Amino acid sequence: MSLKRVGILLRRELWQGPKNFIFIWAVIAPILISLVVSLVFGTLFSEKPKLGIVDEGSSQLVAMARELPSVTTKEYSTDSDIREAVESGAVDMGIVLPEDFDNSVIQGEETEITAYIWGESLAKDRTILGGTIASLIRELAGQEAPVEIEAITLGDEVSVPWSDRLLPLIVLMAVFFGGLFLPALSMINEKEKKTLDALVITPTTIGDVLVAKGLLGIILSLVMGIVILILNQAFGAEPALLVLVLVLGATMAAEIGLLLGVLVKKTTSLFAIVKFGGILLYAPAFVYLFPQIPEWIGMIFPTYYVIQPIVEISQLGGGWPDIATNVFILAGLNLILIVVVILALKRTKQYAV
Amino acid sequence: MNLRIIGALISKDFSLFFRNRFFALVTVLGIVAYIIIYFVMPSSVDESLKIGLYAPVIPPVFEQLQEEGLEIEVVESDEALRQAVTEGQYVAGVVLPDDIMEKLMLGQKPQITLYFASDTPEEIKDAVGVMVRELVYLQIGQPLAIEVSEEILGPDMIGMQIPPRDRLRPLFAVFIIMVETLGLATLISEEVERRTIRALLVTPTTVRELFAAKGAIGVGLAFGQAVLFMAIVGGISSQPLIILTALLLGAVLATGIAFLISSLAKDMMSVMAWSIPALIILIIPSLGVLAPGTLTGWVEFIPSYYLVDTVHQVANFGAGWGDVWYNLLVLLGFNLVIVWIGITVLRRRFR
């Protein structure tokens with residue numbers, strides 16, 4: 001193998017790569033998915049009832065509502081704005097506070113507020129919002145709570161937010177989408193256009209070609225893995241260990257990509273295989289998505305050994321002793337995959353190895 | 001136009017479409033996956049907060065409470081309540097002390113204990129605390145000096161909420177229809193690149209027949225799959241004619257977009273490069289059904305909005321022709337423009 005030739009080939013791949021649709025999608029898709037997940041699970045699928053307020057004066061109640069953890073508060077400037085928000089379901093309930101509302105409440109005067117309720121809002125949300133507004137008004141009026149409440153938490157199961165549960169899936173997608181697709185597609189494209197035949201007639205060996213294509217996959221995969229962890233604020237703890245795991249994960253992705261590139265002849269077949277086989281790559285992420293699934297099921301799949309150390313470090317605060325075994329298994333799997341790629345190349349008898 | 005030629009072209013395209021393993025797999029697996037997801041999702045909406053109550057003496061307010069959205073069930077013992085909360089039977093458990101009434105009458109503050117499962121979200125814990133406090137206020141007769149004038153906007157859906165899976169129906173229908181743009185655009189662009197289109201036009205086949213055949217295969221595939229899906233998930237049980245009209249117009253829209261994409265793309269990869277951004281844009285309106293209130297007025301510039309809104313209004317609210325005629329008219333208008341542009345630009349590529 002010639003490092004110089006590998007370097008030249010890699011430079012060509014890096015130059016041609018960004019013009020490829022898959023390269024662009026390997027970069028855009030994980031970022032897009034990550035942003036959508038944080039939007040969807042941060043706000044859209046939140047179970048908090050949403051309260052809209054129009055304050056015609058300058059009521060303290062608005063600031064008090066904003067501080068509440070049980071309700072999402074949005075402010076609107078006019079009656080028609082809040083009606084529109086309630087009609088569209090942007091808020092479950094909208095209230096209009098009249099001018100001098102606070103003084104009237106403090107002095108105990110009879111006051112009227114208008115409440116718009118979204119027809120599709122859930123009964124429990126209406127109840128929570130009604131109770132919350134009443135409680136806020138009592139607080140504003142200076143009424144002292146007639147009871148003392150003690151909250152006791154039972155059991156030791158911790159609630160894991162959906163955005164956290166989805167992180168392993170997003171990381172796996174970031175690492176494996178480009179890392180696998182790019183080398184595979186590049187190989188298949190070269191085979192379809194017969195440029196690979198032309199290339200191996202020169203002193204360049206098939207090994208040089210595979211290493212260059214694999215390196216491209218590893219670089220893209222590694223960069224995307226780091227970007228996604230940073231975007232999800234999960235790169236802070238033990239960055240060196242995370243990079244080590246990501247390098248090994250990216251290597252696995254590139255090796256699987258090269259294996260497919262060697263075995264598959266047509267782009268359409270590659271898409272069909274990845275579409276069907278993708279579930280095997282992403283399966284371990286479902287163990288984190290649904291904690292009810294026993295962890296041993298995840299261990300059956302090779303990508304578990306990529307994602308377990310990442311989750312252990314970034315979400316559970318683990319260190320080297322917690323991930324060492326799985327990192328060694330991952331490195332072992334990578335070595336096995338190298339042998340499998342070589343064997344596949346020999347078996348297909350397409351090029352001298 | 002020669003119907004025999006169009007028929008032959010359709011059957012050729014149909015077999016070519018299913019010869020492409022990727023599209024064949026996506027078509028079949030797509031429908032199966034959507035149907036499975038639909039039936040796996042909950043078929044009802046739990047609207048109430050179920051709270052368990054253990055109280056040796058139950059205050060009248062707690063006993064007589066008949067508020068929608070709040071279900072209070074009395075439990076035999078403190079231990080049973082803890083067990084039920086841990087098992088997730090109740091969202092919270094409330095324990096009232098046996099001297100609660102006496103203390104309240106004396107103006108003292110009784111202590112109420114709330115049990116929550118460890119995975120209960122903070123907002124629910126806070127909300128239950130607020131509601132229990134409010135009930136005690138009611139018990140001691142401290143009403144608020146506030147008069148609330150309530151107005152419910154839109155149909156009041158209490159007790160008949162739309163289950164999440166039915167909110168997903170328009171999304172799936174649009175997805176099924178729009179994914180067909182990929183298949184049709186690939187078929188056309190590959191024919192253009194391989195010059196088989198030119199070969200066809202040397203025969204007695206006219207450009208008009210060619211477009212009729214491509215249009216029919218595109219509309220047929222998209223419409224057929226969408227109807228099959230909607231029929232299986234019960235989406236056409238209410239006002240079937242409107243739903244079928246909307247799906248047909250949606251299929252025509254997908255065909256027009258496929259014409260446009262195939263005029264730009266050279267192979268399957270470039271079809272995907274153009275189609276996926278188009279697909280993402282066309283799916284955006286369905287998010288408005290999934291999470292109401294998240295989209296603003298600009299969504300009405302996306303043609304698929306009129307398809308999604310029609311399917312949602314009719315399948316989930318039983319809307320009639322009078323409610324959705326405007327949507328269908330706008331969708332038809334979009335179709336005419338998009339199909340005309342698609343045919344015009346694609347025709348140039350044939351030459």
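Colleague: Which residue in strand 4 of chain B is the bridge partner of B:Val94?

Modeller: B:Leu114. Bear in mind that this is a predicted model, where local features need pLDDT of at least 70, side-chain atom pairs count only at pLDDT 80 or more, and totals for chains, interfaces and linings use all residues. Residues are numbered from 1 along each chain as its sequence is written, with chains lettered from A and ligands numbered from 1 in the order in which they are written.

Colleague: What makes strand 3 and strand 4 of chain B a pair?

Modeller: Two strands pair if DSSP finds at least two bridges between them; here 3 bridges join strand 3 to strand 4 of chain B, so they pair, and they run antiparallel. Strands and helices are DSSP runs numbered from the N terminus (E, at least two residues, for strands; H or I, at least four, for helices).

Colleague: How do you know that strand 1 and strand 3 of chain B pair?

Modeller: Strand 1 (49-54) and strand 3 (92-95) of chain B share 4 bridges and run parallel. B:Tyr54, for one, stands opposite B:Val95.

Colleague: And which chain A strand joins in, pairing with strand 4 of chain B?

Modeller: Strand 5 of chain A, in the parallel sense over 7 bridges. A:Ala151 has B:Leu114 as its bridge partner.

Colleague: Which way do the residues of strand 3 of chain B point?

Modeller: B:Ala92 and B:Val94 go one way, B:Gly93 and B:Val95 the other, and all are buried (20 or more other C-beta atoms within 10 Å of their own, with C-beta atoms placed from the backbone).

Colleague: How covered is helix 13 of chain A?

Modeller: Mostly: 10 of the 11 residues of helix 13 (304-314) are buried. Among them are A:Tyr304, A:Pro309 and A:Ser314.

Colleague: Why are helix 9 and helix 10 of chain A called oblique to each other?

Modeller: Helix 9 (206-231) and helix 10 (239-263) of chain A pack at about 135°, with axes 8 Å apart. Angles under 35 degrees count as roughly parallel, over 145 as roughly antiparallel, 65 to 115 as roughly perpendicular and the rest as oblique. The two helices are therefore oblique. Their contact (C-beta atoms within 7 Å) includes A:Gly217 and A:Ile218 of helix 9 and A:Ala250 and A:Ala254 of helix 10.

Colleague: How many residues does each chain put into the contact between chain A and chain B?

Modeller: Chain B gives 69 and chain A gives 62. On the chain B side, helix 6 (122-139) gives the most, with 13 residues.

Colleague: How do the residues on that chain B side divide into nonpolar, polar and charged?

Modeller: 37 nonpolar, 15 polar and 17 charged, where Ala, Val, Leu, Ile, Met, Phe, Trp, Tyr, Cys and Pro count as nonpolar, Asp, Glu, Lys and Arg as charged, and the others, Gly among them, as polar.

Methods
A residue is buried if 20 or more other C-beta atoms lie within 10 Å of its own, exposed if 12 or fewer, and partly exposed in between; C-beta atoms are placed from the backbone. Axes are lines fitted to C-alpha atoms, for helices over the stretch in contact, and angles run from 0 to 180 degrees between N-to-C directions. Two residues are in contact if their C-beta atoms, placed from the backbone, lie within 7 Å.
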